[in-house]
Amino acid sequence: MSEYISSIKKWCEEILETYQASITELREHAGIQPLDDWKEQFTRFQEELSTNESLQESDVQERANELFAALQSFFNSEREEVSLESEDRVESVPIGGHTLPPLPYRYDALEPYIAEEIMRLHHDKHHRSYVEGLNKAEREMQRARQTNNFELIKHWEREAAFHGAGHYLHTIFWNIMSPRGGGQPTGSLLRAINQSFGSFDQFKKHFSEAAKNVEAVGWAILVWSPRSRRLEILQAEKHQNLSQWDVVPLLVLDVWEHAYYLQYKNEREKYVDNWWNVVNWREVDRRFQQARQLKWEPF
């Protein structure tokens with residue numbers, strides 16, 4: 001069994017374990033039979049991964065993406081079928097129940113711009129550690145509430161901010177890249193970029209320089225601001241420092257050294273310049289179309 005298929009098998013195990021409590025509770029309180037069907041699909045896939053040695057990585061990847069999309073679609077579709085209390089359970093990740101999402105493409109799919117070895121380490125090791133760190137922080141804060149012992153709350157709040165921001169940003173990061181990426185956006189996203197930054201070239205230069213000049217480690221982030229009702233470019237040190245609230249991330253670039261050092265060494269600028277070749281503008285546009293519906297009162 002390849003390393004990739006093993007990682008998908010572990011992902012299935014984590015999904016089933018994480019949502020077991022929610023599946024049982026929802027069935028008892030809302031009688032949602034499709035939850036059993038969803039669980040059965042993941043179980044069958046997990047068994048196939050264990051028994052079928054002829055599986056190809058591309059087929060496994062496609063099936064994993066289908067199941068993950070089906071899971072998201074199921075939770076969204078059930079919103080109108082259950083009471084508000086049950087709806088909250090359907091939509092919420094259990095405390096300490098975050099899981100590592102699968103890559104939407106093969107580890108080597110972004111070569112030559114991002115090497116396979118980097119993607120394996122970045123996704124399977126680094127992102128997984130953020131998921132585990134966030135889960136631990138959430139469980140420890142839950143324990144503090146249950147025992148009324150908040151002696152270490154400052155530490156666990158910091159851990160939740162660091163690992164949670166790392167988990168969420170990486171989840172966006174995998175999806176805003178594609179082996180068929182590059183070029184530039186079209187339609188309303190391009191018009192918004194031109195309006196906010198003058199032109200696509202000016203936006204690209206600004207975003208690249210922001211990424212190249214993040215001090216130490218962190219991110220460059222294109223966001224939609226519901227308050228100013230325009231696009232903005234931000235930096236984040238680590239995952240969370242120096243970032244703004246009340247905005248929606250659309251395009252994110254990881255400039256932690258683990259994202260490029262094995263391939264580019266200390267040449268962050270070269271990594272940033274090459275990264276534009278894998279930007280998935282279709283996904284960025286999808287996020288933009290949803291985010292632009294948010295419009296707060298401008299102040």
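**Aromatic pairs**

There are 17 aromatic pairs, where rings of Phe, Tyr and Trp (its six-membered ring) pair if their centres lie within 6.5 Å, with planes under 30 degrees apart called stacked, over 60 edge-to-face and the rest tilted. In F173 and W174 the ring centres are 5.5 Å apart and the planes stand at 50°, so this pair is tilted. F173 is buried at 2% relative accessible area, and W174 is buried at 1%; buried means under 20% relative accessible area (1.4 Å probe, protein chains only).

As to the basis, this is a predicted model in which local features need pLDDT of at least 70 and side-chain atom pairs count only at pLDDT 80 or more, while totals for chains, interfaces and linings use all residues. Residues are numbered from 1 along each chain as its sequence is written, and side-chain values use heavy atoms, with hydrogens and water left out.

Now consider F200 and W281. Their ring centres are 5.8 Å apart with planes at 70°, so the pair is edge-to-face. F200 belongs to helix α8 (residues 200-212) and W281 to helix α11, so the pair ties together parts 81 residues apart in sequence; helices are DSSP runs (H or I, at least four residues), numbered from the N terminus. F200 and W281 are both buried. Both also belong to one aromatic cluster, together with F197, F203, F207, W275 and W276.

Conventions: Buried means under 20% relative accessible area, exposed over 50%, partly exposed in between (1.4 Å probe, protein chains only). Helices (H or I, at least four residues) and strands (E, at least two) are DSSP runs, numbered from the N terminus.
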